[in-house]
Amino acid sequence: MSGLLMPKADDSTMSRRSDIVTALRAIVPGEGVVDATNAMRVFESDALTAYRQLPLVVVLPQTVAQVSRVLKYCHENNVKVVPRGSGTSLSGGALPLEDAVLLVMSRFNQILEIDYPNRVAVVQPGVTNLGITNAVEHEGFYYAPDPSSQIACSIGGNVAENSGGVHCLKYGLTANNVLGLEMVLITGEVVRLGGKHLDSEGYDLLGLMTGSEGLLGVVTEVTVRILQKPATARALMVGFPTSEQAGKCVADIIAGGIIPGGMEMMDRPAIHAAEDFVHAGYPLDVEALLIIELDGPVVEVDHLISMVEAIAYKNGASTCVISQSEEERMAFWAGRKAAFPAVGRISPDYLCMDGTIPRKELPKVLAGMRELSEKYGLRVANVFHAGDGNLHPLILYDANIPEELHKAEDFGADILRLCVKVGGVLTGEHGVGVEKRELMPEMFNEIDLNQQIRVKCAFDDKHLLNPGKVFPQLHRCAELGRMHVHRGQVPFPEIPRF
Amino acid sequence: MTTFTPKTEDEIVEAVQWALSENAPVEVVGHGSKRNLGRPLQTEHTIAMSEYSGVTLYDPDELVLSAKAGTSVAELETLLAENGQAFQFEPMDYGPLLGQAAGQGTFGGLLATNLCGPRRLKSGSARDHVLGVRVVSGRGELFKSGGRVVKNVTGYDLSKGMANSWGTLGIATEITFKVLPAPETETTLIVRGLADDEAARAMAIAMGSSGEVASAAHLPVNVSGRVIDGVLKGGASTLLRLEGFAPSVNDRATMLKGLLASAGTIVDLSGDTSRKLWQEIRDVIPFVDGTEQPVWRVSMVPMEAYKLVASLRMGAAVDAFYDWQGGLVWLRMEGEPEAEAVRALIRKYGGGHATLVRASTSVRAALPVFEPQPAPLAALSKRLKQQFDPSGILNPGRMVAGV
C-alpha cells in the first residue's frame, strides 16, 4: 500500500473478533460469514488494486432482516462496517478495514418487479447495471446510466457512487434515474425513500444518499426508471489537427442546441494505443478524435448528423466518418471502450484519474498536463467524456521501478489540483474513496467539510459506516457542535432593516 | 418585528448570526410568492432575499447559470430564452394558484421548493439540475457544495439536500444550475373524449413508445374548457406534447397518431398555443379561481391515479386533472380538505404523497400540509435539521410542526 494512512485499527474490536464472528454467524447462517484468511483474500481489494487490506470478517447477508440485524449488532457493539456491492470502485471506496466487518451485498441479486406501464424496475442492490437492461430489453426498454464497468458493477454500488457513463450528458447520472430506495440505517432501522412515484417527500434524502460512498446507509432495494430504447443510433468519428479545434467543435454542437447521446474525445497517445489494440480504423495523423453518437427517431438522427458534420468541418476537422451500419458504429466505440486495456498494453501500469473541468478549459488543462508530464518524467494518455467535461488522464508508470507509483500519484494529484483551479472538481464519477480523500481541502474549506460531516452525523453519529473514506480527518460529531456566537457580542449595525 | 434585506453574502451571514444571538426565529422569503403554501409561520422577524439578486455566471456553451438567490426566475427565463436555452424542468409558478401575482418567484425559492413542470418524468425537477450552492446554515456559517460542472461526485450532494427543504436547513445564497437548449419546436396531440381510465392507458401506450413524449396530461370534461381560453371545452382532452427538431416532431406525431388511431379523434395544436397550454397546466390554471378551496398536489404511481380520483368521488365533491408526465394528480375539493381520505387512498393505490397546496391559514395550521413520514424517517429528517440548524431559527415549523 502506498503512503495512505487508514484509521488505526481499534484494539478492542480486534480482540473481540471471535465474539463478533460468532454473533454474525447467529444472524447469517451457513456460508454467509467468511472468516478464514485465505477465503477473505478475494475481498482484500476493490478495483483500485494499489491498496489491499484484509477485513476483520466478511458477511454476505441474504435478507433485509439480516442486514438490519447485522447493522444493529455492529451499532450496539461499536463495530465498523464497510458496505460493498461488486467491489468495482476505482477510488478505494469499498476497500476493507482491518477492524471492520465487510458487508457484501452480492447475494441481493434479484429483479423484484418490472412495471412497464409505469416504466420502472424494482431491483435488489446486487443486480448488475447491465442486468437491468438485459431484463427489460426484450420489451424495448433499457436503463440509461452506463458506467464502463456496467457488466460487473452493481446498482447498489452505482447508487453509492452516483455512477455515470457515456450516456450521462443526455440521460443524467444515477441520481437522475433512481426513484426510490429501501435502506438500512446503522441502527438497523429500515427506511424507504421515494418509490415508483416521482419526487420523494420531505428532505431530498435520496439525493443525499446517492453518491454518499457507503457512509450513510446500506441500500437493500432500488427503484429505477427504465426508458424506451431510441429507435436508432448513429455515430460520427471526427479527427482534428488540434485539441483546441476538437474542444471548439464540442462547444459549437452544444451551442447549436444538440445534446448527443454520447460525445467522447481521445488524445493522440490514447488514439494510437486503441488503434494498435482493436484496429477500429482511427486516423493516426490527428491530435484529437471525437466520437459523437446521436440517438432517437431515424429522421431526427439523420437531421442531426448533417448538422454535426457541418459543425465539425467548420471547426477544421481533417476526417469525418459517419457510421453507415450498426457494425460500423460499434467499431467506432470499440476503440474508445478498449482504451483502458489498450493503454495497459503500452505500459506495465497506469493510474486512471477522474476530474471534471468546464469544457472550455480543456486546452489549458491539456497544456498543463504536458508540462506536468515532463516534470514527472511520466507519459499520460487522455480519454475524455467531452460532452460533460469529465477527464480520464491515464498516467503511465512501472510499479517495478522504485518510487514510480509515488511519482504517478503525485502527478495525478497535481492534475486534480489543476482541474479545481480552472473551476472543476476532484472527481466526476469515480468517487473520492481513499484515493482522493487528502485532496478534499483543495475544493472545500473546513466549514464546507464540517457541514458534510454533519450530514454523516445525522445518519451515523458513531461514524461506524465506511470510516476513513471521503473525509481527510474525522471529527467526532460532538466536536463539531461548537458555536461561537453569544448574545450581544456582535451588533451588526450595518445590516439594512426596516 | 424586523425585516432584513441583505445585499451581500456577509450581511446574510450577519443576519443569521443576529438571529442566533437573539434566539429569534426568522422567516426566509424571496418575494413571498409561496408564503401561502406550507405550514403558517409564527416568526417575528424576516430575512427577505429579494435584494440579493443578479446573475453571477452564465456560460451558454457550458450549459451553466449561476445567480444570487433573490434573482427573479422570470428574468432568468428571459435571459435563457434569448440564448435559445431554458430550465428544462419548467419551474411552475405557484403565484396565481395561491392568489398572488404571476412571475414573482425567485431562484432561491425555486430550489427550496424543488419546482418542476409537466416535463417532470423526462427532464426531472429542480433537484435534478442543481450543480452547486453556497448556503448560510442555521449555524450562521457559510458553506458551499457541488460546483459548476455537470458531472461531479465530490463529497455529499448538499445541493440536492437543499432542494425541497423549504428554507429550513439553510439559506441558499447563490445557486448554479445546469441549463439546456430550449426545444426548437413543439406540437401537442389531443385525443378527445376519453374517460380517465381510457386516458391513462392511452398515455401509457404513447409514453412507452419511441414517440419520446415530453409531457402528457389528461383534462376531464369539466376541466378541459378551463385552459387556453376555452378552446378545448365540450369534451375531455388527453394531451401529448412532442418537442424537438421539426422533422423529428412531425415524424413522431405521425407515428403516434397511427398508434392511437383507435383511441378517439385526434387533433393537434402547435407553437405558441401549445406552449401556453402546457404553461397553464404547469401553473394549475384550471384551479385558479380566487378562492381558498383546498387544492392537493398528489404524487403517485401514474397508472393508479385515476383509481384514486374515482374512489374520492364516491364520497366527496372533487375536481381533478392529471399531469401524467409529472406523475401528478391535482385535486380541488369543494368542501373540507379530506386529508385522511386522500392519504389513505394513496396508500391503497401503490403509495406516494399528497401536499395540501392551497387552504386557509387555519386549515394549514391544523393539518399536516406535507405527507407525514414513518417514525424512523421523521426522526432522521429531524436529526438532519438539527445538524444544519440546531437552534431551529430558520423557518421553524414550516414543513413539520416542531421542526
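This is a predicted model: local features need pLDDT of at least 70, side-chain atom pairs count only at pLDDT 80 or more; totals for chains, interfaces and linings use all residues.

A disulfide, for these notes, is a pair of cysteine sulfur atoms within 2.5 Å.

**Entry: cysteines**

How many disulfides does a search of the whole structure find? I got one over all chains. A:Cys457 and A:Cys477 form it, with their sulfur atoms 2.0 Å apart. I looked up the handedness too: the link of A:Cys457 and A:Cys477 is left-handed, with -95 degrees about the S-S bond. A:Cys457 sits in helix H18 (residues 446-459) of chain A and A:Cys477 in the segment after H18, so the bond ties together parts that are 20 residues apart in sequence. I then checked burial for both ends. A:Cys457 is buried at 3% relative accessibility, and A:Cys477 counts as buried at 17%.

A:Cys352 is buried, with a relative accessible area of 15%. A:Cys419 is buried too, at 1% relative accessibility.

**Entry: domains**

I wrote down the division of chain A: domain 1 (11-104), domain 2 (111-228), domain 3 (232-339), domain 4 (347-437) and domain 5 (445-498). Then I picked a pair. The centres of domain 2 and domain 4 of chain A, taken over C-alpha atoms, are separated by 29 Å. Their contact takes seven residues from domain 2 of chain A and eight residues from domain 4 of chain A.

For chain B I have domain 1 (47-181), domain 2 (185-282) and domain 3 (285-366). Here I took domain 2 and domain 3 of chain B, whose C-alpha centres lie 23 Å apart. I found 21 residues of domain 2 of chain B in contact with 15 residues of domain 3 of chain B.

**Entry: A:Leu227**

I went to strand E11 (residues 227-228) of chain A, where A:Leu227 is placed. Is A:Leu227 buried or exposed? It is buried, with a relative accessible area of 18%; the cut-off I use for buried is under 20%. Leaving out residues up to four places away in sequence, A:Leu227 touches A:Gly140, A:Phe141, A:Tyr142, A:Ala144 and A:Tyr171. I followed up on one of them: A:Ala144 is 83 residues from A:Leu227 in sequence, yet their C-alpha atoms are 7.0 Å apart in space.

**Entry: positive phi in chain B**

Two residues went on my list. B:Asn114 is not a glycine but has a positive phi of about 50 degrees. I traced B:Asn114 to the loop between helix H3 (107-112) and helix H4 (120-123) of chain B, and it is buried, with a relative accessible area of 10%.

B:Trp166, also a residue other than glycine, has a positive phi near 55 degrees. Its place is in the loop between helix H6 (158-162) and strand E9 (170-178) of chain B. I have B:Trp166 down as buried, at a relative accessible area of 7%.

**Entry: surface patch**

Which residues make the nonpolar surface patch of about 240 Å²? I noted B:Ile205, B:Met255 and B:Leu259. B:Met255 is found in helix H9 (residues 246-259) of chain B, and at 31% relative accessibility B:Met255 counts as partly exposed.

Terms used. Residues are numbered from 1 along each chain as its sequence is written. Chains are lettered from A and ligands numbered from 1 in the order in which they are written. Side-chain values use heavy atoms; hydrogens and water are left out. Patches are made of residues with over 30% relative accessible area and no salt bridge: like charges are joined within 9 Å, nonpolar side chains (Val, Leu, Ile, Met, Phe, Trp, Tyr) within 5 Å. Accessible areas come from the Shrake-Rupley method with a 1.4 Å probe; for residues, only the protein chains shown count as cover. A salt bridge is a side-chain nitrogen of Lys or Arg within 4 Å of a carboxyl oxygen of Asp or Glu. Helices (H or I, at least four residues) and strands (E, at least two) are DSSP runs, numbered from the N terminus. Buried means under 20% relative accessible area, exposed over 50%, partly exposed in between (1.4 Å probe, protein chains only). Domain bounds come from an automatic or database domain assignment. Contact means heavy atoms within 4.5 Å.
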